Amino acid sequence: MPTPAHLSKDPRYFDFRAARRVPETHAWPGLHDHPVVDGSGAGGGPDAVPVVDMRDPCAAEAVALAAQDWGAFLLEGHGVPLELLARVEAAIAGMFALPASEKMRAVRRPGDSCGYGSPPISSFFSKCMWSEGYTFSPANLRSDLRKLWPKAGHDYRQCSAVMEEFHREMRALADKLLELFLVALGLTGEQVAAVESEQKIAETMTATMHLNRYPKCPDPKRALGLIAHTDSGFFTFVLQSLVPGLQLFRHGPDRWVTVPAVPGAMVVNVGDLFQILTNGRFHSVYHRAVVNRDSDRISLGYFLGPPAHVKVAPLREALAGTPAAYRAVTWPEYMGVRKKAFTTGASALKMVAISTDNDAANHTDDLISS
């Protein structure tokens with residue numbers, strides 16, 4: 001097991017608790033190229049982040065407007081018990097409070113998709129992010145968490161039980177939200193059933209969980225918790241503590257909108273593959289996470305996407321008489337395109353577009369799809 005002396009020389013580990021300044025390795029240029037505005041909706045206005053209440057009979061209409069205009073929304077009335085969300089947040093905080101030597105037992109190695117460390121996309125950048133994370137597949141939850149707690153024990157059993165309960169609730173919620181998305185596209189109940197019978201999207205969706213801790217920072221104007229990006233899969237649920245930090249990018253004029261931390265609400269982000277599935281009618285959202293001087297921030301991303309072998313193409317029902325804007329791709333194929341996009345500064349969605357002049361393909365403008 002690594003000792004603190006070993007860790008101090010390990011480039012994969014940075015002691016945020018001991019940091020009194022932001023080193024050049026973690027200092028990002030261009031963080032303030034665009035203004036930041038409040039998305040809480042105080043006084044109304046165009047920067048109020050949309051809210052969808054799943055209990056509302058008009059929820060599908062609200063989803064359609066939010067997914068078309070924002071690519072994200074706050075989700076209320078989702079039915080996941082608030083006390084469970086509180087236990088999940090406590091479990092995440094406890095995990096990241098483990099000694100560094102114990103967390104490093106589960107460090108994500110090159111080529112691994114799961115484990116402890118910096119965000120997976122950090123490998124594409126020369127600068128480091130002001131965050132630590134832990135990624136695992138709910139299908140392998142207990143074996144993944146044993147990396148942190150090799151002797152099992154009370155903390156291991158408690159964390160595993162909480163995350164398994166959360167996964168059951170979220171997987172059921174994902175099926176409900178998928179159906180709501182399809183209704184929002186204009187499909188009838190009969191068409192939704194036919195799509196599921198033919199495509200089996202809900203039945204085969206896979207889930208990944210990414211836990212995040214954004215430590216308080218001595219100079220938050222120079223650091224970044226998570227680089228601006230779009231999610232690659234279908235859609236993502238984001239559970240965040242009551243410390244704001246998630247920001248969405250908006251055009252006209254270009255600006256960052258801070259998502260309010262609403263007790264009990266989750267954030268839903270549309271991903272790139274869902275933009276492809278809906279032929280651009282619903283678009284993915286460019287977002288980032290910032291840090292602050294006074295408080296740590298905890299979040300959990302619950303990512304939904306297709307199985308690795310499944311080709312994702314625009315749904316016939318989503319075309320509405322228009323030609324398909326994107327070619328069919330599997331998730332691994334698209335990840336390969338994203339990697340190329342990161343290295344060239346191009347847009348991954350434009351790279352899989354059938355026609356680069358298509359409005360849907362250009363919805364993300366010159367932003368990197370990541």
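Which residues in helix 6 do Ala59, Ala60, Val63, Ala64 and Ala67 in helix 2 meet? They meet Leu180, Phe181, Val183 and Ala184 in helix 6, where contact means heavy atoms within 4.5 Å.

Before going further, note that this is a predicted model, in which local features need pLDDT of at least 70 and side-chain atom pairs count only at pLDDT 80 or more, while totals for chains, interfaces and linings use all residues. Residues are numbered from 1 along each chain as its sequence is written, and side-chain values use heavy atoms, with hydrogens and water left out.

Keep helix 2 (residues 59-69) and helix 6 (residues 154-184) selected: they pack at an angle of about 80°, with their axes 8 Å apart. That makes helix 2 roughly perpendicular to helix 6, a term for angles of 65 to 115 degrees. Axes are lines fitted to C-alpha atoms, for helices over the stretch in contact, and angles run from 0 to 180 degrees between N-to-C directions. Helices (H or I, at least four residues) and strands (E, at least two) are DSSP runs, numbered from the N terminus.

Next, select the sheet, an open one of 8 strands in the order 2-3-11-8-13-6-5-4, with mixed pairing; two strands pair if DSSP finds at least two bridges between them. Its edge strands, each pairing on one side only, are strand 2 (51-53) and strand 4.

Within the sheet, go to strand 8 (residues 235-240) and strand 11 (residues 266-270), which run antiparallel and are joined by 4 bridges; phenylalanine 235 has valine 270 in strand 11 as its bridge partner. Helix 2 packs on the sheet, touching strand 2, strand 3 (72-76) and strand 11, and its direction makes about 155° with that of strand 2.

Now move to strand 5 (residues 132-136), where Glu132, Tyr134 and Phe136 on one side and Gly133 and Thr135 on the other are all buried, that is, under 20% relative accessible area with a 1.4 Å probe and protein chains only. Strand 5 pairs with strand 6 (residues 206-214) in the antiparallel sense over 5 bridges, and the partner of glutamate 132 in strand 6 is arginine 213.

Finally, select helix 3 (residues 82-96), in which Leu84, Leu85, Val88, Ala91, Ile92, Met95 and Phe96 are buried. They cover an arc of only 130° around the axis, which puts them on the same side of helix 3; the arc is that of the directions from the helix axis to the C-beta atoms. On the other side of helix 3, Leu82 and Ala90 are exposed, with over 50% relative accessible area.

Key. Angles under 35 degrees count as roughly parallel, over 145 as roughly antiparallel, 65 to 115 as roughly perpendicular and the rest as oblique.
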